[in-house]
Amino acid sequence: MKVHQAYRFALDPAPAQERMLRSHAGAARFAWNWGLARCRERYEAEGKWYSGTDLHRLWNEVKKAEPALGWWGENSKCAYQEAFRDLDRALRDFTKSRKGERKGKRLGFPGFKKRGKCRDSFRFGSGVMRCSGATVTLPRLGTVATHESTRKLARRLASGTARILSATVSRTAQWWFVSFTVEVDRAIPGHHMRAGSAIGVDLGVKTLLTGVDDAGNVVPVAGPKALRSSLRQIRRASRAHSRKAQGSANRRKGAARLARVHARVANVRADALHKATSALASRYETVVAEDLNVAGMVRNRRLARAIADQGFGEARRMLAYKTTWNGGRVVTAGRFYPSSKTCSGCGAVKTKLALSERRYVCTACGLALDRDINAAVNLLNLAASGAESQNACGGTVRPGLPGHVLVKQEPGTTPVGETGTARGRRPSRCRRFRSASSHCPC
Ligand SMILES: [Zn+2]
């Protein structure tokens, strides 16, 4: 199966190379701003803007005629070209979003980029891109040392199971990274190593996640709370930075220090998520998780920081591709499935459950256990109850189950039949389910 995968390496450029990296990032920024200015001019005159190819053609005409742009030859043509492509996509996304054809938040009109206020980044879409040992070779820049070995990608390139499509170079704090977008021919196993194993996973605020597997084992993952533990450092660095005079060398140093702390927080978080999701995907064939409305939850300002710190959205994304690579699947419980409020013993559903109640105590059967474990057991039961009815063509609604299991393919993440969506039963939705199946108990 051919998948697009990123291989990211931290670069260790020589001083001259670092100057070139900065120059390329500046060129990409200039091209974006130049293109955006042309598009705005044309939009005001004719009511439409240029495409990426038009901009590149226009740039090639102007750059030679304009003496002020004499520096264009110092950078790879890709830096300009790819910036025009990015701008083209941003404009198209803006149009789509305005028409309501694009999911998510409404996008604003693309803005100009300012040095120091935007991400330093540029992309090579063609040219010589190679890697070997602890080096990568990029167009114009030549061979750049990396901090770690590139052998995993190098081996794949040598054996012909991978092809580099593009290389994006970006800066985070004082570190430069290259991220290769690679088309990889992955051998996806036909079945999981531990066929039939399943785990219900409750993503929590107190802990990163609580899992209960089919053998009844509780798998708690504490999670690093990266942001909270570094909050004091961030506050100090942020305060120190804001006290420095505008435009001074000390302010620049303060900004660099603050960026380093933020980068560390992101790294700690990503590391914990990668380890937890890799472990789950390799040990269990079926991972059942909730479909959390992360964007909505972050709007709760009391919880926003805690939720954002855990990286729920990222955990879900990682689980989706990692389970596929291991021959497993992710089953997602519907957004309205009451995993926390349902009793895992008798199935009674509470109408209210405050987040401060860390223990679930059932008033119907007297069951008392940890709130997160109860939710994880419910999720596990949800998948087990509908497991045999899962297929690619659509869901079967089974009577007397805690939730309806419908199967839907998530595009781009898993092949047909690998991913299921289990929807919780909602009184107001029963009419719709009835029409889908004659077995509905309602
Ligand atoms: Zn109960």
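Let me start with the rule for ring pairs: rings of Phe, Tyr and Trp, the last by its six-membered ring, pair if their centres lie within 6.5 Å. Planes under 30 degrees apart count as stacked, over 60 as edge-to-face, and the rest as tilted. This is a predicted model, please keep that in mind.

Take F30 and W71. Their ring centres are 5.0 Å apart, with 90° between the planes. That makes the pair edge-to-face, because angles over 60 degrees fall in that class. Where do F30 and W71 lie? F30 is in helix α1, residues 15-46. W71 is in the loop between α2 (52-65) and α3 (77-99). So the pair ties together parts that are 41 residues apart in sequence. On accessibility, F30 is partly exposed at 31%. W71 is partly exposed too, at 27%.

Next pair: W49 and F94. Here the geometry is tilted, 6.4 Å centre to centre and 55° between the planes. W49 sits in the loop between α1 and α2, F94 in helix α3. They are 45 residues apart, and the pair links distant parts of the chain. Buried or exposed, these two? Both W49 and F94 are buried.

Back to F30 and W71 for a moment. Both belong to a cluster joined by ring pairs, together with W34, W59, Y80 and F84.

Now charges over rings. R8 lies over the face of F177, 4.0 Å from the ring centre.

On to the backbone. Two non-glycine residues have positive phi. R140 has phi near 70°. R140 is in the loop between β4 (135-138) and β5 (142-146). With 47% relative accessibility, R140 counts as partly exposed. The other is A173, with phi near 50°. A173 is in the loop between β6 (162-172) and β7. A173 has a relative accessible area of 14%, so this residue is buried, the cut-off being under 20%.

Last stop, S197. This serine lies in the loop between β7 (175-185) and β8 (198-203). Its relative accessible area is 5%, so S197 is buried. What does the side chain of S197 reach? The backbone oxygen of R194, at 2.6 Å. Leaving aside residues up to four places away in sequence, S197 touches H192, D214, R283, Y284, E285 and T286.

Technical notes
Residues are numbered from 1 along each chain as its sequence is written. This is a predicted model: local features need pLDDT of at least 70, side-chain atom pairs count only at pLDDT 80 or more; totals for chains, interfaces and linings use all residues. Side-chain values use heavy atoms; hydrogens and water are left out. Helices (H or I, at least four residues) and strands (E, at least two) are DSSP runs, numbered from the N terminus. Buried means under 20% relative accessible area, exposed over 50%, partly exposed in between (1.4 Å probe, protein chains only). A polar contact is a pair of N or O atoms within 3.5 Å; within protein, one must be able to donate a hydrogen and the other to accept it, and residues adjacent in sequence count only if both atoms are side-chain atoms. Contact means heavy atoms within 4.5 Å. A charge sits over a ring if NZ of Lys or CZ of Arg is within 6 Å of the ring centre and within 35 degrees of the ring normal.
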